[in-house]
Amino acid sequence: MNSKKSLIGILLLVFALTLAACTGNNEKTDKKINDKEMNMDHSVSAEIPADLKEEENPKYKVGSKVIIETSHMDGMKGAEAIIVGAFNTNVYAISYTPTNGEEKVKNHKWLIQQEIVDSGDKLLKPGTEVKIMASHMEGMYGAAAKIDSAEPTTVYMVNYKPTTGGKAVENHKWLTENEIKAK
């Protein structure tokens with residue numbers, strides 16, 4: 001009888017510890033959820049909008065090895081990357097409410113001119129309301145957004161291996177010149 005009570009006590013303790021581990025605060029997990037990084041498409045199609053023009057003389061040519069100096073996603077900052085595309089366009093940081101009901105995303109970097117419905121080719125001003133045609137994150141495609149910042153620049157598509165380990169990321173869209181450095 002005593003061994004049966006001991007076994008039940010041990011099982012209850014294991015159950016309680018498991019529950020505590022599952023519901024405890026994990027700073028890294030909380031950061032990912034807050035930054036919406038868990039819903040970001042890590043590897044995407046190499047397909048680019050038909051009207052996006054390749055940069056004729058980019059600072060970093062296709063095939064160049066670079067170091068990423070920004071952290072759009074966990075494991076990105078400090079990662080070695082290979083340039084797989086360089087394009088001349090207008091780039092935007094945007095704030096939007098995802099179509100899937102998730103919380104508003106603020107200052108998402110980057111959306112390009114060709115990923116905005118009926119955007120034409122002129123640089124749009126901060127504060128302009130637009131509709132998104134990109135799916136960098138779940139709930140992004142078709143969402144209404146407000147432009148936070150805008151600038152003409154060269155954007156890069158890269159392949160990289162996250163510094164946190166795991167699967168390599170292919171065709172990440174987009175990085176700007178000031179977010180990467182030569183290796």
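**View 1. Lys-183 is exposed, at 56% relative accessibility, and pairs with Glu-80 in a salt bridge.** Welcome to a predicted model, in which local features need pLDDT of at least 70 and side-chain atom pairs count only at pLDDT 80 or more, while totals for chains, interfaces and linings use all residues. Residues are numbered from 1 along each chain as its sequence is written, and side-chain values use heavy atoms, leaving out hydrogens and water. In this view, the closest N and O atoms of Glu-80 and Lys-183 are 3.2 Å apart. The pair ties together distant parts of the chain: Glu-80 belongs to strand β3 and Lys-183 to the segment after β8, 103 residues apart. Glu-80 counts as partly exposed, because its relative accessibility is 46%. (Exposed means over 50% relative accessible area, buried under 20%, and partly exposed in between, with a 1.4 Å probe and protein chains only. A salt bridge has a side-chain nitrogen of Lys or Arg within 4 Å of a carboxyl oxygen of Asp or Glu.)

**View 2. Glu-69 and Lys-181 form a salt bridge.** Their side chains meet at 3.8 Å, N to O. Here too, distant parts of the chain are linked: Glu-69 sits in the loop between β2 (65–68) and β3 (80–96), and Lys-181 in strand β8 (residues 180–182), 112 residues apart. Both ends are partly exposed, with Glu-69 at 37% relative accessibility and Lys-181 at 39%. A search of the whole structure finds two salt bridges.

**View 3. Strand β2 pairs with β3 and with β8.** Three bridges join β2 to β3, and the two run antiparallel; Val-66 has Ala-81 as its bridge partner in β3. The pairing of β2 and β8 is also antiparallel, over three bridges, and Ile-67 finds its bridge partner in Lys-181 of β8. (Strands pair if DSSP finds at least two bridges between them. Strands are DSSP runs of E with at least two residues, helices are runs of H or I with at least four, and both are numbered from the N terminus.) Stepping back to the whole chain, there are two helices and eight strands, in the order α-α-β-β-β-β-β-β-β-β from the N terminus on.

**View 4. Thr-153 is a buried residue of strand β6.** Its relative accessible area is 18%. Which residues does Thr-153 contact, leaving aside neighbours within four places in sequence? They are Phe-87, Asn-88, Thr-89, Val-91 and Thr-176. (Contact means heavy atoms within 4.5 Å.) Of the 183 residues of the chain, 38% count as buried.

**View 5. Val-117, Met-133 and Tyr-141 make a nonpolar surface patch.** The patch covers about 270 Å². Tyr-141 is found in the loop between β5 (129–131) and β6 (144–160), and is exposed, with a relative accessible area of 52%. (Patches use residues with over 30% relative accessible area and no salt bridge, joining like charges within 9 Å and nonpolar side chains, namely Val, Leu, Ile, Met, Phe, Trp and Tyr, within 5 Å.)

**View 6. Glu-56 lies in the loop between β1 (53–54) and β2.** Glu-56 is exposed, at 80% relative accessibility. Its C-alpha atom is separated by 8.5 Å from that of Ala-86, 30 residues apart along the chain.

Conventions. Areas by Shrake-Rupley, 256 points an atom, 1.4 Å probe, with all protein chains shown as cover.
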